[in-house]
Amino acid sequence: MRIRTLTLAAASGAALLAAGVLPASASSGATPKSAQEGTVSAADLLSKVTSCSQISNGKYRTDDETSATIPVCGKNGAVFWKADMDIDCDGQRTTNCNENADPWYQDDTAFHQSNGQPLKADSLPYIVVPSSSSIWNYSSYGIKGGGVVAVIYNNKVEYAVVGDTGPTNIIGEASYATAKALGIDPDPATGGADSGVTYILFKNSTVSPIESHSAAVSLGDQLAKQFLQNN
């Protein structure tokens with residue numbers, strides 16, 4: 001989790017602190033090579049989230065400086081939102097994710113690997129959900145650590161897990177590995193996407209172990225097919 005006090009633009013001066021981008025390698029040994037994972041297309045998934053049935057009590061900001069415009073929406077078997085993508089580099093300290101690369105770095109994540117250690121942001125695709133508040137309580141809607149998420153950007157699909165929690169009033173954040181797989185600049189200080197990212201979180205799902213990206217892809221593909229059938 002991190003709380004941004006600077007916009008991406010304002011943080012551009014921190015680029016010199018950023019480490020070089022290296023190939024990601026998932027803990028399970030499965031490296032996200034292509035962002036078109038599974039058999040369900042981005043277009044098919046997006047066709048089911050064209051309208052929003054708002055389930056959150058209010059709306060979220062994408063950054064501290066923006067107004068609250070992003071609702072959490074409900075569908076059969078899932079919740080979703082459309083936002084930006086800030087880069088989460090929290091968790092185990094690595095070449096790409098550390099205090100020098102990320103001004104907001106924290107050495108822990110809300111949810112942990114099967115061995116009890118924090119997740120690895122530069123090798124495991126995961127997303128960040130807002131911490132429970134009066135706006136929305138994710139756990140009340142079947143969303144939990146290790147749950148499967150389809151992240152869609154630029155007609156690409158990447159399966160991730162719920163791996164961390166963030167500020168109670170901000171939404172739209174994912175790990176270094178998620179961004180890189182989708183072709184988004186993963187630099188935690190200056191990267192990310194300003195808009196155009198769709199997050200579909202499948203209710204009551206759990207990837208075991210949470211650090212297995214291949215397990216997330218397999219389960220995500222199954223749940224995506226069910227999502228299309230049920231909506």
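1. Cysteine 52 and cysteine 73 form a disulfide in this predicted model, with their sulfur atoms 2.0 Å apart. The bond links distant parts of the chain: cysteine 52 lies in the loop between α1 and β1, cysteine 73 in strand β1, 21 residues apart. The S-S torsion is about -100°, so the disulfide is left-handed. Cysteine 52 is partly exposed at 41% relative accessibility. Cysteine 73 is buried, at 3%.

2. The structure holds two disulfides. Cysteine 89 and cysteine 97 form a disulfide too, with sulfur atoms 1.9 Å apart. Its torsion is about -70°, so this disulfide is left-handed. Cysteine 89 is buried at 0% relative accessibility; cysteine 97 is buried, also at 0%. Counting bonded cysteines along the chain, the pattern is 1-2, 3-4.

3. Threonine 62 sits in the loop between α1 (42–46) and β1 (73–75). Its relative accessibility is 15%; the cut-off for buried is under 20%, so threonine 62 counts as buried. Beyond its sequence neighbours within four places, threonine 62 contacts Ile70, Ala83, Asp84, Asp86, Ile170 and Ile171.

4. The largest nonpolar core has 59 residues. Trp81, Met85, Ile127 and Tyr199 have the most contacts inside this core. Elements supplying at least two residues each include α1, β3 (126–130) and β7 (193–202). The largest share, seven residues, comes from β2.

5. Buried residues of α3 include His213, Val217, Leu223 and Phe227. The buried residues of α3 pack against α1, β1, β2, β4, β5 and β7.

Key. Residues numbered from 1 in each chain as written. Predicted model: local features only at pLDDT ≥ 70, side-chain atom pairs only at ≥ 80, totals over all residues. Heavy atoms only, no water. Helix = DSSP H or I, 4+ residues; strand = E, 2+ residues; numbered from the N terminus. Buried < 20%, exposed > 50% of the residue type's maximum accessible area, 1.4 Å probe, protein only. Contact = heavy atoms within 4.5 Å. Core = buried A, V, L, I, M, F, W, Y, C linked by side-chain atoms within 4.5 Å. Disulfide = S-S within 2.5 Å.
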